[in-house]
Amino acid sequence: MPSSKVEDAWATLDAIARRPGAGSIRPHFAADPHRAARMTHRAGDILLDLSRTAIGPDALPALFALARATDVEGFRDAMAGGAAVNVTEGRAAQHMTLRMPSDATDAATARDLPAQTLARMRSFTDAVHDGTIRGATGERFTDVVNIGIGGSDLGPCMVARALWTPGCPMRAHYLANVDAHAWDALRHGLDPTRTLVLVASKTFTTQETMTNAALVRGWLAEALGEAGAATHLVALSTNLEGAAAFGIPPERVFGFSDTVGGRFSVWSAIGLSLALALGWPAFERFLAGGHAMDEHFLGAALEDNLPVLLALAEIWHVNGLGYPARAVLPYDERLSRFPAHLQQLEMESLGKAVHVDGSRVSRRTGPVVFGEPGTNAQHSFMQLIHQSPVPVPVDFILVANPDHAHPDSHRKLLANGLAQAEALLAGRSEQAVRAEMAAAGAARIAEVAPHRVFSGDRPSTVILLPRLDAFILGQLVALYEHKVACLGALWGINPFDQWGVELGKQLAAHILPALEGRSAAPDPTTAPLIAEIRRLQGLG
Ligand code: F6P
């Protein structure tokens with residue numbers, strides 16, 4: 001239950017948000033010629049431009065007051081200090097310890113396992129790359145398949161897609177869905193004699209991952225025999241016994257602590273596919289980038305703190321202005337899986353209905369997050385973002401310098417990203433539309449003009465990166481992780497558990513025997529569909 005101090009801070013913010021025109025952005029630019037500079041913040045390699053939001057001179061102090069009332073800094077420091085901030089599971093949230101430099105002296109105990117594991121990951125990676133570790137037939141490993149789902153897939157898959165180039169040491173593939181079409185599509189490009197398989201599961205019980213692991217082990221065994229297959233398997237897990245039961249010996253298990261949540265685990269052993277595919281130096285730079293953002297988050301004042309600022313912009317949009325969704329548009333094809341990573345990071349963390357003490361929330365919590373790379377998004381859902389009645393704030397992620405030699409393409413990409421942000425803000429009035437149509441000699445101006453109006457005054461934030469490399473990507477990923485932690489504190493919810501995924505898992509376990517015809521359908525609402533599926537399968 002929020003304290004009266006917190007409720008007062010919310011009441012102040014609510015009152016500002018209810019004022020007429022509170023959602024307008026353009027008047028802020030008119031009133032303050034220095035707004036763009038004033039609302040632009042930097043940390044490390046990241047520039048964050050919040051000027052195209054409706055956060056004005058009244059809302060901004062009210063947002064910081066809310067951050068102070070909800071003790072965002074206290075929550076941050078408790079998390080960094082190893083307190084059990086994940087209250088429902090009685091666990092700390094120690095993903096930051098995974099990216100501490102090896103000479104760090106603080107939090108030595110927390111770093112113990114990560115440091116040892118990191119050393120083992122490094123020697124394993126080196127041995128695979130130099131051919132000391134080879135496949136059962138003596139071939140060098142050229143491909144790594146990471147079998148995992150959720151946080152055991154999305155983070156590593158996103159980073160591999162962002163950073164892999166043809167000169168990298170190995171190819172990485174990601175198998176997540178229990179739908180075997182995914183495996184069928186993947187396996188045709190793979191040679192079992194050269195394929196290393198990582199079974200990535202924090203719990204080592206996840207149905208999808210264990211089912212796929214059994215399929216892939218069978219594929220290896222067909223080519224290499226059972227003993228040969230075993231030499232191609234590695235486990236990334238906190239569950240050593242589970243890995244052993246699957247036939248993976250302890251020396252092939254890379255562990256991490258259960259204080260690292262799945263969606264925060266790309267920095268842990270779950271990142272082994274990245275070390276193998278991208279090379280150890282790149283993985284190390286990625287960790288260093290995450291750590292650089294940690295230092296900023298832990299040290300910067302609230303007013304300059306990028307994760308805090310991003311979180312407060314979300315509060316303003318979700319709670320102040322009532323916008324229920326946010327789009328993430330990286331204008332970089334290499335970040336094509338970044339929105340998918342954020343979908344889990346943000347929605348699994350913040351889609352909560354109760355406070356940490358179990359009392360029901362009275363305000364909206366995490367918004368729907370979705371996205372696609374620009375410019376593809378422009379030819380897909382941007383119509384709605386420009387013209388639907390409810391604004392959808394956008395995070396534009398722009399990268400100044402590409403790693404290709406086609407500057408013309410890159411300029412067009414950037415021009416489109418900037419144009420979208422400008423169009424959302426500036427809009428186009430009916431008067432302007434009519435004038436434009438008249439100048440073009442268009443017919444049916446009165447009828448068509450209303451359809452071509454853009455209200456404008458729609459919010460977006462711009463994150464600008466100088467280029468995309470491992471160090472900068474590490475900063476970006478950690479920025480959003482810390483934003484999520486701040487929102488947990490601001491909303492008074494636990495951002496580190498995910499009970500909402502459990503019910504479906506339990507029900508699937510009851511439905512499976514009914515689909516197999518071994519039991520009656522457990523629920524009358526599902527029974528007719530099960531019967532129809534079995535009939536279509538020729539079983540009913
Ligand atoms: O979807 C629920 C979830 O528990 C996620 O939080 C997690 O990232 C994913 O499943 C995979 O879990 P595991 O790594 O234990 O297989």
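The legends below describe close-up views of a predicted model.

View 1. The ligand sits in the largest pocket, where 14 residues surround it, the closest being Gly151, Ser152, Ser201, Thr203 and Thr206. Sorted by class, this shell holds 2 nonpolar, 9 polar and 3 charged residues.

View 2. A polar side-chain atom of threonine 206 lies 2.5 Å from a ligand oxygen atom, and a polar side-chain atom of serine 201 is placed 2.6 Å from an oxygen atom of the ligand. Glycine 151 takes part through its backbone, with a polar backbone atom 2.7 Å from an oxygen atom of the ligand. On its own the ligand has 390 Å² of accessible area, of which the protein covers 87%.

View 3. The peptide bond that runs from glycine 374 to threonine 375 is cis, with omega near 15°. Threonine 375 belongs to the loop between strand S9 (368-371) and helix H15 (382-387).

**View 4. Positive phi at arginine 444.** Although arginine 444 is not a glycine, its phi is positive, at about 55°. The residue is found in the loop between helix H17 (430-439) and helix H18 (445-448), and arginine 444 counts as exposed because its relative accessible area of 53% is over 50%.

**View 5. Positive phi at aspartate 457.** Aspartate 457, a residue other than glycine, has a positive phi near 60°, and lies in the loop between H18 and strand S11 (460-465). Its relative accessibility is 14%, which is under 20%, so aspartate 457 counts as buried.

Technical notes. Residues are numbered from 1 along each chain as its sequence is written. This is a predicted model: local features need pLDDT of at least 70, side-chain atom pairs count only at pLDDT 80 or more; totals for chains, interfaces and linings use all residues. Side-chain values use heavy atoms; hydrogens and water are left out. A residue is near a molecule or strand if one of its heavy atoms lies within 4 Å of it. A polar contact is a pair of N or O atoms within 3.5 Å; within protein, one must be able to donate a hydrogen and the other to accept it, and residues adjacent in sequence count only if both atoms are side-chain atoms. Accessible areas come from the Shrake-Rupley method with a 1.4 Å probe; for residues, only the protein chains shown count as cover. On a 1 Å grid over the protein atoms alone, a cavity is a set of points where a 1.4 Å probe fits but cannot get out, and a pocket is an open set with protein on both sides within 12 Å along at least five of seven lines; lining residues have an atom within 4 Å of a point. A molecule sits in a cavity or pocket if more than half of its atoms lie within 2 Å of its grid points. Ala, Val, Leu, Ile, Met, Phe, Trp, Tyr, Cys and Pro count as nonpolar, Asp, Glu, Lys and Arg as charged, and the others, Gly among them, as polar. Helices (H or I, at least four residues) and strands (E, at least two) are DSSP runs, numbered from the N terminus. Buried means under 20% relative accessible area, exposed over 50%, partly exposed in between (1.4 Å probe, protein chains only).
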